[in-house]
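This briefing concerns the protein shown below.

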Amino acid sequence: MKKGCVVGMGAIGPVHAAGLEPRGSLYGICDNQAQRLAGFQPENEKLRRYADLRGVLEDPLAEVVHICT
């Protein structure tokens, strides 16, 4: 199961996050607006949150990146 990150949690990002299952798992989300990061509450409490794309790309555990900006 691939670990996926979604970049951009505006209108379409949460749809991509929900669509990662069952072939993958939501590993992290990224947005430069703190309220969007805080407002997204999935079932996974260990979800990684990134304030910029660089953090996602430097994380060796992130295997799939959805760019939704």
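**Cysteines, a buried aspartate and a nonpolar patch**

A search of the whole structure, which is a predicted model, finds zero disulfides. C5 takes part in no disulfide, and the cysteine sulfur nearest to it, that of C30, is 8.3 Å away. The points below are grouped by topic.

**Cysteines**

- C5 is buried, because its relative accessible area is 0% and the limit for buried residues is under 20%.
- For C68, the closest cysteine sulfur is again in C30; it lies 11 Å from the sulfur of C68 and is therefore too far for a bond.
- C68 also counts as buried, since its relative accessible area of 12% falls under the 20% limit.

- D59 is located in the loop that runs between helix α3 (residues 53-58) and strand β4 (residues 64-67).
- Although D59 is a loop residue, its relative accessibility is 9%, so D59 counts as buried.
- Apart from neighbours within four places in sequence, the residues in contact with D59 are Y27, R48 and Y50.
- With one of these residues, R48, the contact is polar: the side chains of D59 and R48 make a polar contact at 3.4 Å.

**Nonpolar surface patch**

- L53, L57, V65 and I67 form a nonpolar patch on the surface, and together they have about 350 Å² of accessible area.
- Both α3 and β4 contribute to the nonpolar patch, each with at least two residues.
- One of the patch residues, L57, has its place in helix α3.
- L57 is exposed because its relative accessible area, 59%, is over the 50% required.
- The two elements that supply the patch, α3 and β4, are also those on either side of the loop that holds D59.

Notes
Residues numbered from 1 in each chain as written. Predicted model: local features only at pLDDT ≥ 70, side-chain atom pairs only at ≥ 80, totals over all residues. Heavy atoms only, no water. Helix = DSSP H or I, 4+ residues; strand = E, 2+ residues; numbered from the N terminus. Buried < 20%, exposed > 50% of the residue type's maximum accessible area, 1.4 Å probe, protein only. Contact = heavy atoms within 4.5 Å. Polar contact = N/O pair within 3.5 Å; in protein donor to acceptor, adjacent residues only side chain to side chain. Patch = residues over 30% accessible without salt bridge, like charges linked within 9 Å, V, L, I, M, F, W, Y side chains within 5 Å. Areas by Shrake-Rupley, 256 points an atom, 1.4 Å probe, with all protein chains shown as cover. Salt bridge = Lys/Arg side-chain N within 4 Å of Asp/Glu carboxyl O. Disulfide = S-S within 2.5 Å.
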